[in-house]
Amino acid sequence: MSNRDGCVEYFKAQPEFERIFVAMRKKWESLGRIAGRVTISHVTEEERAALEGLLGRSLSGEDLSFSLGEFEKALGETRYGAVGLLELLEGYFGEPLSSTREKKRQREEEEQAFFAKLEDTFGRKGPGYKEGLIWTREMRQQKNGGYACVKREYHKSPEVAQRLVEQVGECLRLCPGEDGRSEILGGGVRLAVLAAQVWGNPHALDRQTTGGLLFTHALCRRKDRPLPGNAQAWKDLYEENDILVDDLSSTVIAYGIHLYQGQEPHPAYEGYARMKEPCVVTLANLAHMERALGESDRIFIVENEMVFRELLERATTPWVTLLCTSGQPRTAAYQLMELLCEAGSILYYAGDLDPEGLDIADRLWRRFPNHIRIWRMGEQDYEKSLSQEPISPKRLKILENITHPELKQTAARIRECKRAGYQELLLEDLAEDINRQICCM
């Protein structure tokens with residue numbers, strides 16, 4: 001029997017040393033060397049006697065403290081003096097010890113090798129998997145875009161994690177979006193069908209699943225945006241990528257609209273227009289529409305349903321086309337606007353004069369720069385619509401991203417007053433503009 005084996009057997013034969021050895025192992029792993037002090041709490045008399053016998057000094061108190069260096073020095077004065085403390089610890093626990101830093105380094109190297117393997121897999125699959133390759137590479141390099149989720153799955157099962165990432169790459173291949181295609185849906189694939197095709201499970205890409213979360217991360221990278229904060233933002237992201245999550249809940253309210261399938265007007269919407277009644281247009285309805293016209297080339301758009309209804313009641317001209325986005329425009333609203341712009345219409349948009357309202361208007365202007373006119377959202381309109389509702393500093397930060405020249409001036413005034421303005425206080429001006437078919441800031 002070697003000197004080390006004899007030393008190990010000696011200490012293993014004394015159970016009172018068990019907690020002492022566990023504590024010494026933790027200390028060595030945390031520091032990676034023979035250093036630091038170890039404290040044993042609530043010691044038994046047997047543990048105290050065993051440690052006193054080895055260290056050759058009296059120990060008092062409920063908690064005992066000693067250094068690893070002291071233990072190794074005392075060990076050197078026994079008949080096992082040639083055995084170092086690290087050698088003893090490895091023999092006692094039956095495995096090599098690694099410091100926390102070394103374990104972390106090894107773990108990181110293994111993780112990097114895993115991602116490199118994924119990159120190689122996508123690279124060998126061909127050009128159709130280019131986006132999966134780029135997504136995986138950026139995850140590894142930037143440690144975002146789903147990196148934490150993949151790493152978590154990797155530590156559970158590398159095989160399952162690899163399969164998940166490869167399946168997301170397959171979804172990206174089937175839903176191309178970096179080739180210049182319009183963000184507006186023109187049909188698209190249904191999410192459940194895509195999940196069934198790639199996973200064999202129609203619910204594999206649901207929002208709360210791991211596959212769904214990873215696919216969302218990949219789509220966010222494609223659109224260069226943060227992870228959606230709510231269900232509606234999640235739906236909008238998918239629909240912008242030609243993936244139909246639900247083509248019935250994406251809606252826009254319309255009055256005086258004419259939709260065409262080919263050269264023929266859609267009979268249902270013609271009926272609403274003829275009866276002078278508002279209607280709800282869903283994304284599913286728009287899927288087969290090729291053209292949209294208003295009663296004139298001026299299309300008025302408001303954010304609030306109550307304002308929409310009030311303006312219809314105050315309208316005195318028959319040439320009114322009015323849309324209501326009900327807050328943040330959904331994909332159906334964007335698609336209808338796109339069809340109207342293609343027909344040469346001018347869109348007049350009026351929203352609440354608060355950070356969110358200005359942000360919506362600014363986004364619409366950037367999306368349709370040649371067709372959008374900002375309507376009743378200038379500084380004077382803000383003064384007239386001013387309420388007593390305060391705006392938090394967090395909401396005010398939204399105004400930093402406004403780019404439209406006139407809206408930037410309004411944003412500066414909102415930052416000064418720190419109060420919200422509402423469309424409801426501009427009803428008279430909005431109604432007059434519609435009736436005269438003239439819009440201004």
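Predicted model: local features only at pLDDT ≥ 70, side-chain atom pairs only at ≥ 80, totals over all residues.
Mentor: Residues are numbered from 1 along each chain as its sequence is written, and side-chain values use heavy atoms, with hydrogens and water left out.

Trainee: How many helices and strands does the protein have?

Mentor: There are 21 helices and 15 strands. Helices (H or I, at least four residues) and strands (E, at least two) are DSSP runs, numbered from the N terminus.

Trainee: What makes the protein more spread out than a compact globule?

Mentor: Set its radius of gyration, taken over C-alpha atoms, against the globule rule, which is 2.2 Å times the number of residues to the power 0.38. For 441 residues the rule gives 22 Å, but the protein comes to 34 Å, well over that, so it is more spread out than a compact globule. Along the principal axes, the C-alpha atoms fill a box of roughly 110 × 55 × 30 Å.

Trainee: Why is Asn241 called buried?

Mentor: Buried means under 20% relative accessible area, exposed over 50%, and partly exposed in between (1.4 Å probe, protein chains only). Asn241 has a relative accessible area of 3%, so it is buried. You'll find Asn241 in the loop between helix H12 (231-240) and strand S4 (243-244). Contact means heavy atoms within 4.5 Å, and Asn241 is in contact with Cys175, Leu219, Arg222 and Lys223, leaving aside neighbours within four places in sequence. Across the protein, 47% of the 441 residues count as buried.

Trainee: And why does Glu277 count as partly exposed?

Mentor: Glu277 has 37% relative accessibility, so it counts as partly exposed. Glu277 sits in the loop between helix H13 (267-274) and strand S8 (279-282). Not counting residues up to four places away in sequence, Glu277 touches Ala254, Tyr255 and Tyr272.

Trainee: How do you know that S10 and S11 pair?

Mentor: Two strands pair if DSSP finds at least two bridges between them. Strand S10 (residues 298-302) and strand S11 (residues 322-324) have 3 bridges, in the parallel sense. Ile301 stands opposite Leu323 in S11. Both strands belong to an open sheet of 6 strands, in the order S8-S5-S11-S10-S12-S13, with mixed pairing.

Trainee: What makes S8 and S13 the edge strands?

Mentor: Each of them, S8 and strand S13 (372-374), pairs on one side only.

Trainee: What angle do helices H8 and H9 cross at?

Mentor: The axes of helix H8 (residues 147-156) and helix H9 (residues 158-174) cross at roughly 145° and come within 5 Å. Axes are lines fitted to C-alpha atoms, for helices over the stretch in contact, and angles run from 0 to 180 degrees between N-to-C directions. Among the residues making the contact are Val150 and Tyr154 of H8 and Leu164 and Val165 of H9.
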